[in-house]
Amino acid sequence: MNLIVFDLEWNIGYQPKTFLYHGAEITLRGEIIQIGAVRIDERGDVLDTFDMTLKPRIFRKLQHHIAKVTGLTQLDLDGGVPIADGLAEFVRWAGPDAAFAEWGLDDVPVLKQNLYLCGLDERWPARWYDLQRIFLQSYPRREGEGMTLESVVDRMGIEKDIPFHNALDDALYTVRIARLLPLADALRAYPSPDAQLREALLTDPSANYYDVQIFPDRLDHDDYKNDPALCGVDCPLCGTALDVGEIWLKRGNTGYYTQADCPVHGPWFLRFKLSRRDGLHWNFARCIEAARPDALEKYLRQKARQEARLKKRSQEEGENPRT
């Protein structure tokens with residue numbers, strides 16, 4: 001197995017930057033300025049390393065907070081390898097079949113956005129693992145415990161003999177944590193992206209869920225409420241088209257649901273969970289949930305408040321039209 005444990009440092013601008021990806025406007029999460037990577041075997045033994053500072057071409061000025069955290073200077077960036085050349089070299093070093101592992105899920109989306117902007121294949125890598133998720137399976141989080149890389153290093157009694165917030169050093173610390181885990185078994189049992197999204201959607205073991213489906217690789221965040229292929233659903237009991245509501249409420253950071261009525265069997269909930277793990281595409285998990293009386297009552301209260309907010313906003317905009 002060609003497993004790469006990696007860490008990125010990236011620069012951000014003082015103003016947001018967007019780019020077009022197949023017609024969709026996407027906010028750039030950051031421009032990579034440092035890559036640190038470690039090739040390991042399934043035991044966690046180090047086979048090779050990669051360490052490179054990159055010269056950005058979009059966010060050319062080092063943001064002051066990034067400088068403070070990483071210790072990098074503007075001279076470091078100006079003297080770095082041009083980002084397109086550096087990323088191409090990293091791709092060659094890692095290899096086309098590389099699987100990636102990181103602490104958390106922040107770096108792969110940044111990598112894929114930067115690959116695309118540099119004219120490289122953003123579909124690479126095809127597989128990646130969250131080592132924080134694997135860690136929590138063996139060491140559940142206790143109250144008050146942090147999950148930053150440094151806090152877990154402290155918790156596990158790992159020697160702190162190299163700095164943090166340097167890409168290669170953070171990757172090496174992540175490898176030290178990985179060596180304490182049943183890594184080979186955890187990687188084999190690691191759920192697919194679809195399975196993770198389904199798990200995030202179906203959170204209530206007492207609920208009755210129907211018609212669970214995954215819709216991958218979408219470009220528009222609002223497809224869940226605008227695209228009939230996603231929001232056009234039928235009653236699970238009789239097959240009659242449901243009358244889907246127009247007021248969508250949030251559930252968590254990336255969950256949405258609305259009431260959907262059957263003339264024969266009454267109200268249901270149409271629910272979605274969204275994910276943008278690669279920083280470029282939206283993946284949707286959808287289900288129809290039986291609307292229990294207590295949940296329906298709660299929904300109707302929240303819906304009434306949402307309608308009141310929308311009405312007030314509309315009135316304010318009418319009184320103060322934009323010029």
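## Pockets in the model

A pocket is an open set of grid points where a 1.4 Å probe fits, with protein on both sides within 12 Å along at least five of seven lines. In this predicted model, the second largest pocket holds about 410 Å³ of space. Its lining is made up of 22 residues, and those closest to its centre are Pro125, Ala126, Trp128, Pro193 and Arg277. Strand β8 (127-130), helix α9 (193-201) and strand β9 (209-218) each contribute at least two residues to this lining. By class, the lining of the second largest pocket comprises nine nonpolar, four polar and nine charged residues.

Strand β1 provides the largest share of the lining, five residues, while α1 (64-70), α6 (149-155) and α7 (167-178) each supply at least two. This lining has nine nonpolar, seven polar and seven charged residues.

Six residues separate β13 from β14 in a hairpin, and Gly279 in the turn has a positive phi of about 75 degrees.

## Burial of β14

Which residues of β14 are buried on each side? Trp282, Phe284, Arg286, Ile288 and Ala290 are buried on one side, and Asn283, Ala285, Cys287 and Glu289 on the other. Nine of the nine residues in this strand (282-290) are thus buried.

Terms used: Residues are numbered from 1 along each chain as its sequence is written. This is a predicted model: local features need pLDDT of at least 70, side-chain atom pairs count only at pLDDT 80 or more; totals for chains, interfaces and linings use all residues. Side-chain values use heavy atoms; hydrogens and water are left out. Helices (H or I, at least four residues) and strands (E, at least two) are DSSP runs, numbered from the N terminus. Ala, Val, Leu, Ile, Met, Phe, Trp, Tyr, Cys and Pro count as nonpolar, Asp, Glu, Lys and Arg as charged, and the others, Gly among them, as polar. On a 1 Å grid over the protein atoms alone, a cavity is a set of points where a 1.4 Å probe fits but cannot get out, and a pocket is an open set with protein on both sides within 12 Å along at least five of seven lines; lining residues have an atom within 4 Å of a point. Grid points are joined across faces, edges and corners, and a volume is the space filled by probe spheres set on the points. Buried means under 20% relative accessible area, exposed over 50%, partly exposed in between (1.4 Å probe, protein chains only). Two strands pair if DSSP finds at least two bridges between them.
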